[in-house]
Amino acid sequence: MVIAIVTLFVLLPVILLALFRVLPVPFTPQMLIGLFSGDAVRYQWREMSDISPYLAKAVIGGEDQRFCRHHGFDLHSIDQAIRSHERHPKKQLRGASTLSQQTARSLFLVPWRSWVRKGVEAYLTVLMEGLWPKRRILAAYLNLVDWGNGYFGAEAASQGYYHKSASALTVRQAARLAAILPNPDGWHAVHPGPYVTWRTGQLVGRIRIVNRDRLDACVR
């Protein structure tokens with residue numbers, strides 16, 4: 001029993017991370033759930049060189065500006081989220097997950113919320129940060145993240161929403177895709193509402209900040 005637990009929670013993640021450091025990820029648990037539920041799942045792996053750099057910059061600017069400086073966990077954002085919750089305890093605790101945490105979650109876990117899952121996610125994030133360079137973590141994030149409507153990853157989302165390759169995304173299209181990430185099934189990339197339109201403009205500005213301050217230096 002102990003050997004089985006050690007194999008499942010220690011050796012298997014290490015082996016898979018070693019493999020997927022160089023090989024495309026074939027599928028994720030969330031994709032399998034979608035397939036077994038009869039939902040359409042569209043997914044194509046693309047290397048970083050085949051994804052518009054605007055999308056990488058927009059995601060860093062919108063989701064995790066300290067991506068190149070932290071080691072998996074953004075303690076500053078966690079502290080801010082806790083302080084905000086203390087001031088407004090009736091509001092839901094604001095998320096402070098990094099791109100590394102989100103990538104570990106997408107790669108290994110199902111999208112069900114629990115404290116146990118958060119603990120396993122933290123462990124997997126530490127492993128991923130130790131075994132993968134930042135560029136690979138971001139590449140996996142851009143390929144595995146759920147962009148709504150059964151589109152997983154940048155290539156499927158770009159083809160589905162804009163009928164073009166992920167490598168051909170414009171600045172505004174990349175910013176629009178990054179803008180809907182917090183709620184990809186509720187917000188629209190093609191016909192955005194007022195909030196997504198505003199958020200897109202904000203992310204276009206953040207792309208400039210990422211360039212100016214070299215916030216993506218670890219993935220260039």
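**Salt bridges and helix contacts**

Glutamate 155 counts as buried because its relative accessibility is 2%, under the 20% cut-off. In this predicted model, the side chain of glutamate 155 forms a salt bridge with that of arginine 46, with an N to O distance of 3.6 Å. The pair joins distant parts of the chain: glutamate 155 lies in helix H8 (residues 154–162), whereas arginine 46 lies in the loop between strand E1 (42–43) and H3, 109 residues apart. Arginine 46 is partly exposed, at 25% relative accessibility.

The count of salt bridges comes to 10. One of them links lysine 134 to glutamate 129 at 2.8 Å, N to O. Lysine 134 is buried, at 12% relative accessibility, and glutamate 129 is buried at 15%. Another joins aspartate 216 and arginine 220 at 2.9 Å, N to O. Here aspartate 216 is buried, with a relative accessible area of 5%, while arginine 220 is partly exposed, with 48%.

Leu55, Ala56, Val59, Ile60 and Glu63 of H3 meet Leu138, Tyr141 and Leu142 of H7. This contact comprises 7 nonpolar residues, no polar residues and 1 charged residue.

The axes of H9 (residues 171–179) and H10 (residues 194–213) come within 8 Å, crossing at roughly 120°. Their crossing is right-handed. Residues in the contact include Val171 and Arg172 of H9 and Val196 and Arg199 of H10. By class, 8 residues are nonpolar, 2 polar and 3 charged.

How values were computed. Residues numbered from 1 in each chain as written. Predicted model: local features only at pLDDT ≥ 70, side-chain atom pairs only at ≥ 80, totals over all residues. Heavy atoms only, no water. Contact = heavy atoms within 4.5 Å. Helix = DSSP H or I, 4+ residues; strand = E, 2+ residues; numbered from the N terminus. Nonpolar A, V, L, I, M, F, W, Y, C, P; charged D, E, K, R; others polar. Axes fitted to C-alpha atoms, helices over the stretch in contact; angles between N-to-C directions. Left-handed = near helix turned anticlockwise from the far one by under 90°. Salt bridge = Lys/Arg side-chain N within 4 Å of Asp/Glu carboxyl O. Buried < 20%, exposed > 50% of the residue type's maximum accessible area, 1.4 Å probe, protein only.
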